[in-house]
Amino acid sequence: MTNKKLHVALLFGGNSSEHDVSKRSAHNVFDAMDKNKYDVSLFMFTKDGILLNNEYSQRIFDGEPEDAVVKEAYANMDLDAPLAPIQALSTVKQIDFFIPVIHGNLGEDGTVQGLFRLLKKPYIGSGIAASAMSFDKDLTKKIITQAGIRNTPYILLTPENRDQYDWNAIQEELGDLVFVKPAKQGSSVGIHKVENEAELKAALDDAFKYDFKVLVEQGIDHPREIEISILGNEHPIASKLGGIRVPSDDPFYDYENKFVDASGVVFDLPVILPDDLTQEITDMALKAYKALGMKGLCRIDFLVDQNNVPYLSEPNTLPGFTNISLYPQMWEVSGIKYSDLIDRLIKLGLEEFERQEQIKYDFQSLGEEKVGKKEYH
């Protein structure tokens, strides 16, 4: 007698700048899944944040023009219905497991994780709080700093305090090179290298388009960019390290390098570093993973200065699975094949769901309300 196949809902798309990246990642995840173990239904979030059913999602997945399919789908949906953004989930009889391959907001910020919890279904990746904290660069820095994990100093700007910091004030506190970053935005969107007043103003004008919190972060001159993949729940393991070398005339590993044209980028898999530096980065990554309460998977990025001092840059709780993405590639060179990696991630999601189910809630009836005497003076 064979085991029943798991019905998996693969969610992709989203209303973030990484919409198309998510579509590429979803293709790779789908192709890697063993169809003898899993039945897969596809659900794509449109750029408006509306979930499409399997039929429409499959058509887009297979290459039909997205805008045309979305227009057709919207014409057959009641977009004014209270549950319109997620109504498509009701078109399938039973979903056993969710795989969100949604990068950026909706996917990595705790939103869909809250949906999965309401639906009482297991899923890949970190929970609501860990996702939200790890997606917010300001909160991430506060938590890992408290945990004693080295990261670069920064100033947090908001619309309320922006005018208090000109280039001279920032330069005095952080030095001659800084990076401006929206707090809650992924894949280098809205990030700018800044070395003078004019660049600062332009960078802030752009960054504030993406968030109300903006980090001005102390820069590291020509750092080595190192990445590491983490896998696990309470007892996570780390992959070998990956290195990224961008063209010398590029300011940093930006969106173009990551997803559009990586022809000039060199990926060192694995990267060879001094043993003590490799161990330090690995220890810092595992410590951050636990401090942030992450589960399932994460890619953590580091910057290494010219003195071989590593700084934790940022975590990515739902890292890319495109052909360029390093998360699965680092596991490949560490001995875990793509399809086996998906199996392990699903197993970890099921285990975490079972663990959460063991938490007890005590409901006590209040009975008749009794209020003390009120004295007004």
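In the predicted model, the side chains of Lys 5 and Asp 39 meet in a salt bridge, with 3.1 Å from N to O; a salt bridge is defined here as a side-chain nitrogen of Lys or Arg within 4 Å of a carboxyl oxygen of Asp or Glu. The pair links distant parts of the chain, since Lys 5 belongs to the segment before β1 (6-13) and Asp 39 to strand β2 (residues 38-45), 34 residues apart. Helices (H or I, at least four residues) and strands (E, at least two) are DSSP runs, numbered from the N terminus. Lys 5 is partly exposed, with a relative accessible area of 31%, and Asp 39 is likewise partly exposed, at 36%. Buried denotes under 20% relative accessible area, exposed over 50%, and partly exposed the range in between (1.4 Å probe, protein chains only). Residues are numbered from 1 along each chain as its sequence is written, and side-chain values use heavy atoms, with hydrogens and water left out. Because the model is predicted, local features need pLDDT of at least 70 and side-chain atom pairs count only at pLDDT 80 or more, whereas totals for chains, interfaces and linings use all residues.

By the stated rule, the count of salt bridges comes to 25. One of them joins Arg 59 and Glu 72, with 3.0 Å from N to O. This pair also links distant parts of the chain, with Arg 59 in helix α2 (residues 54-61) and Glu 72 in helix α3 (residues 66-75), 13 residues apart. Glu 72 is partly exposed, with a relative accessible area of 34%. A further salt bridge is formed by Lys 213 with Asp 138, whose closest N and O atoms are 3.0 Å apart. Lys 213 lies in the loop between α8 and β7 and Asp 138 in helix α6 (residues 137-146), so the pair ties together parts that are 75 residues apart in sequence. Both Lys 213 and Asp 138 are buried. These two residues belong to a network of salt bridges that links Asp 136, Asp 138, Lys 142, Lys 184, Asp 211 and Lys 213.

Helix α8 spans residues 197-207, and its buried residues are Leu 200, Ala 203, Leu 204, Asp 206 and Ala 207. They are on the same side of α8 because they cover an arc of only 160° around the axis, the arc being that of the directions from the helix axis to the C-beta atoms. Ala 198 and Lys 201, on the other side of α8, are exposed. The buried residues of α8 pack against β4 (154-157), α7 (167-174), β5 (178-182), β6 (192-194) and β7 (214-218), where contact means heavy atoms within 4.5 Å. The N-terminal end of α8 is capped by Asn 196, a side-chain oxygen of which lies 3.2 Å from the backbone nitrogen of Ala 198.

In helix α5 (residues 128-135), the buried residues are Ala 130, Ser 131, Ser 134 and Phe 135. An arc of only 120° around the axis covers them, which puts them on the same side of α5. They pack against α4 (111-119), α6 and β13.

Leu 42 lies in strand β2 and is buried, with a relative accessible area of 0%. Leaving aside neighbours within four places in sequence, Leu 42 is in contact with Leu 10, Phe 12, Phe 30, Leu 52, Asn 53, Asn 54, Ser 57, Gln 58 and Phe 61. Leu 42 and Leu 52 are ten residues apart in sequence and 8.6 Å apart in space, C-alpha to C-alpha.

Most residues other than glycine have a negative phi, and most peptide bonds are trans. A cis peptide bond joins Leu 269 and Pro 270, with omega about -10°; Pro 270 is found in the loop between β11 (266-268) and α10 (275-291). His 222 has a positive phi, near 45°, and lies in the loop between β7 and β8 (224-232). The relative accessible area of His 222 is 58%, and this residue is exposed. For Asn 308, phi is near 65°, again a positive value. Asn 308 is found in the loop between β12 (296-304) and β13 (310-316) and counts as partly exposed at 37% relative accessibility.

Notes: Polar contact = N/O pair within 3.5 Å; in protein donor to acceptor, adjacent residues only side chain to side chain.
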